[in-house]
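Reader: Hi! Could you walk me through some charged pairs in a protein model?

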Amino acid sequence: MNLLYSIYHHVGRLLPTVAALLSLASCHTVWDDDDCPVDIEYRVKFKYDYNMLFTDAFATQVQSVTLYAFDEQGKLVLQQSEQGEALSRSDYTMKLDLTPGNYRLVAWAGLAEGDAFEVPVMDEGVSVQEDLTCRINRYQRTLHGEEIDSVGYLHSLWHGMADTQLQQSRAEVNTQLVTVPLMKNTNTFRIILQQMAEGQMDASAFEFAITDENGMMTHENRVVEGDGVLTYMPYHQVQGSTVVEGEASEEQLNMVVAELTTGRLMADAGTRLTVSNRETGETVLSIPLIDYLELCKTVANYDMPLQEYLDREDTYNMTFFLDSDNAWINTQIIINDWIVRYNDITPDL
């Protein structure tokens with residue numbers, strides 16, 4: 001009896017362990033066992049190939065990124081950031097600590113590079129996607145006697161969004177990769193005034209400005225109406241001269257160069273570039289900027305909608321020619337090395 005009792009006693013103690021081992025083994029053989037343990041990892045890859053080179057430049061251009069995850073009810077469930085050297089790796093991905101389900105991922109990249117943009121403080125479990133905006137900081141100043149909201153240098157900013165379903169995998173170890181494509185929201189304009197005359201031009205004689213109503217974007221990267229008119233001002237403005245190729249040394253090409261940055265350009269916006277006399281306020285030139293950029297797209301034969309062109313291109317070099325009295329010779333302009341002639345345009349002064 002003692003021997004039998006001992007056998008039954010030891011077998012009874014082993015049964016739970018054997019049952020657990022059998023349960024684990026069954027995970028490899030029974031595909032519909034939802035109780036099988038899994039270790040699922042969700043990761044996000046950011047991609048910036050929505051540019052004129054059509055190549056992914058995320059690793060070489062983006063230095064910081066903030067990601068927001070919203071659930072099916074539009075409520076914020078996760079917010080996390082990364083910056084620095086890690087983003088320069090070609091294999092960089094960001095881990096998502098989320099449970100399986102449907103989510104909207106929104107990213108603003110570049111925020112950590114300066115204070116040009118303002119994003120509200122978001123609280124997990126409280127904030128909703130409509131709360132997530134990005135606003136360009138502006139400063140009041142006087143231009144030709146009028147109060148304006150001026151904007152100086154803007155560091156690069158990108159927006160990204162992706163709707164995704166994080167799935168429950170039956171594999172023992174699994175990684176689901178979600179790609180968030182980025183679009184650059186900032187643009188650089190290099191405005192060149194050229195003059196064939198003796199003596200250098202005076203850069204301080206000119207006032208450059210681009211006006212637009214694009215100072216605030218939604219989480220979907222749409223312009224918020226009613227945020228006011230912004231006046232983008234140069235962050236760099238210089239004068240210079242050079243010898244015209246093939247001409248005698250006394251023949252000089254004199255110029256003034258101004259560099260400005262703007263927020264996202266919209267195809268249906270009334271964006272305007274104005275150059276004026278700083279002392280008198282008299283207009284040197286004033287053009288509907290989007291119309292002229294569309295002409296550049298047409299002359300260059302870029303086969304894409306205007307909005308796509310404006311979103312892909314981020315640098316514009318525009319050259320205007322002035323006579324000896326600093327009046328605009330509106331027979332042609334040069335945009336990104338493409339010559340747009342008078343018969344292609346209708347000057348709007």
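Reader: Is Asp 163 buried or exposed?

Author: We're looking at a predicted model, where local features need pLDDT of at least 70, side-chain atom pairs count only at pLDDT 80 or more, and totals for chains, interfaces and linings use all residues. Residues are numbered from 1 along each chain as its sequence is written, and side-chain values use heavy atoms, with hydrogens and water left out. Buried means under 20% relative accessible area, exposed over 50%, and partly exposed in between (1.4 Å probe, protein chains only). Asp 163 has a relative accessible area of 54%, so this residue is exposed.

Reader: Which residue forms a salt bridge with Asp 163?

Author: Side chains of opposite charge can pair when their charged atoms come close. A salt bridge needs a side-chain nitrogen of Lys or Arg within 4 Å of a carboxyl oxygen of Asp or Glu. Here the closest N and O atoms are 2.7 Å apart, and the partner of Asp 163 is Arg 104.

Reader: And is Arg 104 buried or exposed?

Author: Its relative accessible area is 17%. That's why Arg 104 counts as buried.

Reader: How many salt bridges does the structure hold?

Author: Another pair is Arg 312 with Glu 308, with closest N and O atoms 2.8 Å apart. There's also a network that links Glu 41, Arg 43, Lys 95 and Asp 97. The total number of salt bridges is 15.
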